[in-house]
Amino acid sequence: MKILDFKGRTALITGAAGAIGKAVAQQLIEDGAQVVITDYNAEQLARVAGELNCKSMAADVTVAEQVKKVVDYTLENYKKIDILINVAGIVGQGLVENLTEEEWDRMFAVNCKGTFLFTKYVVPQMKENRYGKIVNYSSKSGKTGSALMSHYCAAKGAIIAFTQALAYELAEYNINVNCVCPGITDNSGVWANVSAGYTVNLKMPKEEVVKKFTAKIPLKRLATVEDVAAVTAFLVSPGADYMTGQAVNVTGGREMH
């Protein structure tokens, strides 16, 4: 059995204008999948779609009508969705007493509601076809909390619980549901945002921030977007047919549970 073989499979990937989402889409396309990508940033999404030569539709993952349009667009073009990868998410920092309700609600809307909505609209045809692979994006911070990121950690922890619940709910339909828990990923929008925040909140230069966090990683380097994409591709491949409900760490050993 060829592990990464997606010939004849259709994948829908959210958050694909970002570095990780783009890398995941590229990996699946290289391994034979038909891919539709979506993101809130329409201009950047169009550039990525042009580079990857795949179909795309911009959408706000927090708006049900827009999410449904993306799902319908994918089904109109490819008749089915075999793979759903919910990469779309945001990150933020701040002392809990300084967080606003709007910041809290926005964090859960993009990370959790967006994942829920795409799953809600994709699952019925997966059930009908009795096949599906869903990968949700959590974080190492969804397992072990990180200071100054309480709202982010709470949202990413919720993604893990949502994934586990779905794994039970959808198993009888031959639908596997797993999630990826990346650690600090170099050259990604998330790390750019987080590192910028830490330089302010910890009052140290970015080079020192990188050194501080790398020192906590057994493999002594940050993850790359390719590291994360490779694990994601495996989880939606035939090689992971016996895996469901798992929250898989991509942290260089920093997270081990």
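**View 1. Helices H1 and H8 cross with their axes within 8 Å.** The axes of H1 and helix H8 (residues 225-235) cross at roughly 50°, where axes are lines fitted to C-alpha atoms, for helices over the stretch in contact, and angles run from 0 to 180 degrees between N-to-C directions. H1 is therefore oblique to H8; angles under 35 degrees count as roughly parallel, over 145 as roughly antiparallel, 65 to 115 as roughly perpendicular and the rest as oblique. Residues in contact (heavy atoms within 4.5 Å) include Ala19, Ala23 and Leu28 of H1 and Val225, Ala229 and Ala233 of H8. The crossing is right-handed, the term for a near helix turned clockwise from the far one by less than a right angle, with anticlockwise giving left-handed. Helices (H or I, at least four residues) and strands (E, at least two) are DSSP runs, numbered from the N terminus.

The model is predicted, with local features requiring pLDDT of at least 70 and side-chain atom pairs pLDDT 80 or more, while totals for chains, interfaces and linings use all residues. Residues are numbered from 1 along each chain as its sequence is written, and side-chain values use heavy atoms, leaving out hydrogens and water.

**View 2. H1 also packs with helix H2 (residues 42-52).** The angle is about 25° and the axes lie 11 Å apart, so H1 is roughly parallel to H2. Lys22, Ala25, Gln26 and Ile29 of H1 meet Val48, Glu51 and Leu52 of H2 in this contact. H1 passes H2 in a right-handed crossing.

**View 3. Seven strands form an open sheet with parallel pairing.** The strand order is S3-S2-S1-S4-S5-S6-S7, and two strands pair if DSSP finds at least two bridges between them. At the edges are strand S3 (55-56) and strand S7 (247-250), each pairing on one side only. Strand S1 (residues 10-14) and strand S2 (residues 34-37) run parallel and are joined by four bridges. Opposite threonine 10 stands glutamine 34 in S2. Helix H1 (residues 19-30) packs on the sheet and touches S1, S2, strand S4 (83-86) and strand S5 (132-137), its direction making about 170° with that of S1. Helix H4 (residues 101-129) likewise packs on the sheet, touching S1, S4, S5 and strand S6 (175-182), and its direction makes about 175° with that of S4.

**View 4. Charged side chains sit over tyrosine rings.** Arginine 9 lies over the face of tyrosine 131, at 3.9 Å from the ring centre. The charged end of lysine 120 is placed over the ring of tyrosine 121, 5.7 Å from its centre. The criterion is NZ of Lys or CZ of Arg within 6 Å of the ring centre and within 35 degrees of the ring normal.
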